[in-house]
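Subject: A structure for you to look through

Hi,

Here is the structure I promised to pass on to you. Please open it next to this email and follow along as you read.

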Amino acid sequence: MDPQSAIAQVKRAGLFRTQGLIGGKWMDAYDGKTFEVYNPATGEVLANVACMGKKEANDAIASAHAAFTSWSKLTTAERSKLMRKWYDLLIAHQTELGQLITLEQGKPVAEGYNEVLIGASCLEFFLEEVKHCYGDIIPQTQADRRMTWVLMSMIMWPGSVLVLYRLLPPLSGQLNLNDCSYLRTSMGVVGAITPWNLPLAMALRKVSPAMACGCTVVIKPSELTPLSALAVAELALQAGIPPGVFNMVMGFAPEIGDAFLASPKVRAITFTGSTAVGKMLLAGAAQTVKKTSMELGGNAPSMIFDDADLEVTVKGLNKQKTLDFVILFDVISVLSVSAHHDHCGIHDKFAAALTKAVQTLRVGHGFDEGVTQGPLINQAALHKIEALVEDAVSQGAKVLVGGKRHSLGLTFYEPTVLVDVTSDMLISSTEIFGPVLALQRFKTEEEAIHLANDSNAGLAGYIYTENLRRCWRVAEAIEFGIVGVNDGLIPAASAPFGGFKQSGLGREGSKYGLDDFLESIRLHIPSYKFQLQFIVGSHLPISFAVLCGSAVHMHIYDKIGMWGVLISVCLAQFVWFLNSVVLLAEHFSVQCSDNWALLEENGLKLMMARLFRTCRRSVPSIGVVTIMSNSVHNPATGEVIADVPCMGQPETNDAISSAYEMFNFQDTFEAPWLVGMCTEDFEKNEDAWSKVTAIERSQCLWKWHDLLIAHKEELGQLITLEQGKPLNEAIIEVIIAAGYLEFFAEEAKHVYSDIIPSTVADCQLFVIKQPVGVVGAITPWNFPLAMLTSKVGPALACGCTVVLEPSELTPLIAFAAAGLALEAGIPSGALNVVTGNAPDIEHALLASPKVRKITFTGLSAVEKKIMPGAGETLRKVSLEPGGNAPCIVFDDTDLGVAVKSILWDSAWVWPFPLKEQ
Ligand code: ADP
């Protein structure tokens with residue numbers, strides 16, 4: 001087939017679209033501008049496409065926003081039905097769509113057809129998966145809580161108005177839920193930006209989960225390949241997807257990107273493309289705190305061990321090429337092993353087999369029979385490949401085959417194999433995205449792991465070995481989101497796709513792929529079965545209310561039917577007042593005592609001194625007395641409680657190193673490898689926290705929990721001292737904080753991996769969950785202990801190590817808690833605490849590539865600095881910047897409950913009685 005007949009066929013099917021899609025209408029750019037789309041195999045112009053910018057992007061966002069309410073209100077079954085129709089149309093038009101991909105992108109048409117199936121499978125998977133995306137009902141944590149709430153609402157009612165209850169008939173258990181439900185709901189408008197390598201499948205991979213979840217989308221395809229995405233949009237309209245739900249704009253990429261970033265209506269950005277653009281989008285997303293999912297690239301090393309089956313290996317590499325990306329060996333730097341005592345090992349045999357296989361590949365136009373490799377996408381890609389090969393050769397690499405432009409001209413490049421590649425060559429650290437295989441030698445398994453991990457990228461890595469133990473060992477040691485064992489990547493919408501480190505954030509595909517497009521609501525519903533209305537003044541007299549009110553109980557409500565009455569306002573107010581007085585009195589007595597002596601008696605000061613030793617190398621700041629110090633004040637009296645070290649970047653860097661070593665001890669063997677020596681005595685840290693079993697980690701957390709409970713009085717006093725809250729509340733905070741440790745101690749043993757049904761017969765797909773590494777945890781002053789354990793608990797439970805920066809207003813409780821952590825057996829270095837100069841500490845946390853996740857609770861202003869800072873190195877972040885919490889009080893509200901819970905929420909009054917542990 002020739003390109004002209006392919007275009008004619010696509011046009012006959014009505015799939016050759018050149019305008020943008022906004023609110024269900026095909027639109028030109030408002031100023032009439034267009035840009036040209038080329039066939040990279042011939043250099044011919046295929047189409048002039050609307051060149052849109054900020055205005056069109058904003059209108060597309062507005063139409064997606066308008067469509068959101070109705071689309072998200074559809075049931076999952078209704079949305080699925082429409083998406084199923086879309087899927088059927090894609091499959092029905094597989095031929096034209098596959099041809100269109102080849103026309104604008106250049107890949108062999110067989111791969112184009114395959115891409116249509118891959119894209120459609122995303123739609124199919126998510127339209128089914130969304131029906132299985134359940135919320136949770138979480139078992140209540142306090143058995144008496146519901147009753148407590150009901151009773152309290154009666155006693156504590158502050159009434160200056162006459163209130164009349166209207167009781168409802170029993171609600172047949174509708175409200176009879178546990179304390180806490182976890183609901184999931186659609187996010188809103190999603191901005192999606194896709195690249196040229198899989199122009200149809202990438203678009204569908206992003207919009208399928210978003211739309212299945214009830215989000216509406218504005219998608220911006222690559223300007224190099226917009227036509228296949230526009231054809232997908234046409235089929236969406238034909239399938240009956242309502243106007244505005246799916247919008248598409250293309251043209252000035254930075255303008256459109258900026259419009260996505262600036263609009264608060266866009267709640268999530270999903271992007272696949274270069275790391276540079278990904279980082280820019282992450283920084284921009286911080287301004288409106290959008291969710292982001294980033295799928296960025298990076299070379300994918302294949303580690304071929306000397307026990308590999310060569311035939312399987314060459315086949316696997318070929319599969320990596322055809323299914324992974326577009327153009328031959330997009331990927332790949334190959335590391336091949338030489339046996340330890342034999343300097344040739346498998347390397348030379350493998351290089352010869354690979355060269356032979358590469359020589360059989362046929363380069364040509366995608367529509368020509370038997371072609372296995374098309375052109376590069378444009379001149380820029382060609383120049384990049386040439387520069388990489390030139391650099392490698394100039395530094396000693398040898399070309400076994402290829403190494404130059406192809407005789408077909410334009411952007412065709414010969415399939416190339418290079419040997420004697422070393423880590424300092426550009427080709428080892430730059431994403432190749434072209435038909436070049438670069439072979440690097442290694443001698444030991446450890447060196448191979450080091451070479452593979454010595455990169456900021458971590459998307460995919462492949463292992464070729466017949467040794468089962470090695471396969472598990474290496475798969476867990478290399479830092480890649482996708483690991484293939486004796487096989488290339490198999491496309492499966494059911495399996496998560498995404499990278500470690502700077503290769504991305506989040507996972508596309510699989511049940512996890514829905515998370516990026518769902519918000520979670522944690523919903524508390526006490527289980528009483530009545531509602532109330534109040535009518536001011538005109539109904540029953542107060543006396544009647546006083547008499548009846550105190551006798552009312554929820555069971556009685558049911559019995560007495562529709563009407564009942566409640567409570568004496570005066571009595572309630574009196575009790576409420578009394579309660580406050582008691583709390584204040586306790587509070588005051590703590591403030592006035594000689595607290596430091598008290599703490600010393602309880603050994604807390606000792607813990608504080610010991611704590612500094614957890615950061616092993618920060619010698620200058622060890623100890624309580626330092627030259628530079630921060631004073632911690634009692635907010636109730638203004639007194640100085642203690643002077644604590646004022647730490648900054650050097651101490652934080654030491655704490656990070658200490659946490660990094662304790663995570664997996666990699667620092668110790670970096671040096672010999674860097675100078676090219678292979679050490680026999682590969683030193684593994686058997687005590688590394690990430691290597692300790694979940695059971696042992698759980699035991700330590702339990703012990704830490706027990707110690708917090710044992711010291712709850714003293715810890716409570718310390719909280720009251722430095723934070724100011726009433727002692728009663730402070731002790732409850734200790735119990736809550738210990739509760740997090742209890743929960744995560746148990747949860748540590750329940751972090752299961754998945755086995756996913758494979759899409760091909762002879763393969764198994766596993767999802768293995770690994771600790772991310774060093775976590776930087778930044779906590780505020782309001783719940784200085786509970787926030788600490790809520791962040792440190794899950795990190796330690798998973799095998800991560802932590803550098804904690806408590807608020808400099810309330811560091812003492814963090815020191816005390818960390819001292820108890822040591823006592824509980826959590827090893828020195830697994831939890832490090834640095835406090836003092838917050839901007840410096842945060843800067844060090846953000847600057848270090850060793851810190852793989854930042855978890856922050858605090859001010860939104862700081863959060864807006866942390867998010868782009870973390871984006872710079874593509875760190876995972878979990879941010880909880882807070883904000884006012886509106887309480888909507890309806891006229892049928894139980895006022896007592898409302899007032900009480902609002903006071904609690906504002907941290908004025910703690911409604912729960914102190915429960916003995
Ligand atoms: P690649 O090297 O894979 O082409 P890019 O990151 O350059 O990666 O492109 C991927 C997508 O990002 C394309 O759709 C491109 O138009 C888009 N893009 C490029 N620059 C920007 C930008 N400044 N803002 C938003 N999108 C951009």
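This is a predicted model: local features need pLDDT of at least 70, side-chain atom pairs count only at pLDDT 80 or more; totals for chains, interfaces and linings use all residues.

**The chain as a whole**

The chain has 917 residues, and 55% of them count as buried. Its secondary structure comes to 31 helices and 29 strands. If you take the contacts in the chain with a separation of 6 or more, 75% of them come from residues 24 or more positions apart. The accessible surface of the chain is about 37300 Å², and carbon and sulfur atoms account for 58% of that surface.

**Around the ligand**

Next, find the ligand. It is surrounded by 16 residues, and the closest are Thr-194, Trp-196, Lys-220, Glu-223 and Ser-274. Sorted by kind, the residues of this shell are eight nonpolar, six polar and two charged.

Lys-220 has a polar side-chain atom 2.8 Å from an oxygen atom of the ligand. Glu-223 also places a polar side-chain atom 2.8 Å from a ligand oxygen. For Ser-274, an N or O atom of the side chain is 2.6 Å from an oxygen atom of the ligand. On its own, the ligand has 550 Å² of accessible area, and the protein covers 76% of it. The elements that each give two or more residues to the shell are α9 (253-262), β10 (266-273) and α10 (275-285).

**Glu-295**

Which residue does UniProt give the feature "active site"? In an unreviewed entry, UniProt places it at Glu-295. You will find Glu-295 in strand β11, which spans residues 291-296. Is Glu-295 buried or exposed? Its relative accessible area is 4%, so Glu-295 is buried; the cut-off for buried is under 20%.

The side chain of Glu-295 makes a polar contact with the side chain of Arg-205, at 2.8 Å. Leaving aside neighbours within four places in sequence, the residues in contact with Glu-295 include Arg-205, Met-202, Phe-271, Thr-272 and Gly-273. Leu-459, Phe-497, Ser-503 and Glu-508 are also among them.

**Arg-470**

Now move along to helix α16 (residues 468-477), where Arg-470 lies. Arg-470 is buried because its relative accessible area is 15%, and under 20% counts as buried. Its side chain makes a polar contact with the side chain of Glu-445 at 3.0 Å.

Not counting residues up to four places away in sequence, Arg-470 touches Phe-305, Asp-306, Asp-307, Glu-445, Thr-465 and Ala-475. Have a look at the pair Arg-470 and Phe-305: they are 165 residues apart in sequence, and their C-alpha atoms are 9.5 Å apart in space.

**Ser-690**

The last stop is a loop. Ser-690 lies in the one between α23 (670-674) and α24 (694-710). With a relative accessibility of 15%, Ser-690 counts as buried. What does the side chain of Ser-690 reach at 2.4 Å? It is the backbone oxygen of Phe-663. Ser-690 also touches Met-662, Asn-664, Arg-697, Pro-771 and Gly-799, again leaving out residues up to four places away in sequence.

Enjoy exploring, and write back with any questions.

Best wishes

Technical notes:
Residues are numbered from 1 along each chain as its sequence is written. Side-chain values use heavy atoms; hydrogens and water are left out. A residue is near a molecule or strand if one of its heavy atoms lies within 4 Å of it. A polar contact is a pair of N or O atoms within 3.5 Å; within protein, one must be able to donate a hydrogen and the other to accept it, and residues adjacent in sequence count only if both atoms are side-chain atoms. Accessible areas come from the Shrake-Rupley method with a 1.4 Å probe; for residues, only the protein chains shown count as cover. Helices (H or I, at least four residues) and strands (E, at least two) are DSSP runs, numbered from the N terminus. Ala, Val, Leu, Ile, Met, Phe, Trp, Tyr, Cys and Pro count as nonpolar, Asp, Glu, Lys and Arg as charged, and the others, Gly among them, as polar. UniProt positions are given in the numbering used here, feature names are shortened, and annotations may be inferred rather than shown by experiment. Buried means under 20% relative accessible area, exposed over 50%, partly exposed in between (1.4 Å probe, protein chains only). Contact means heavy atoms within 4.5 Å.
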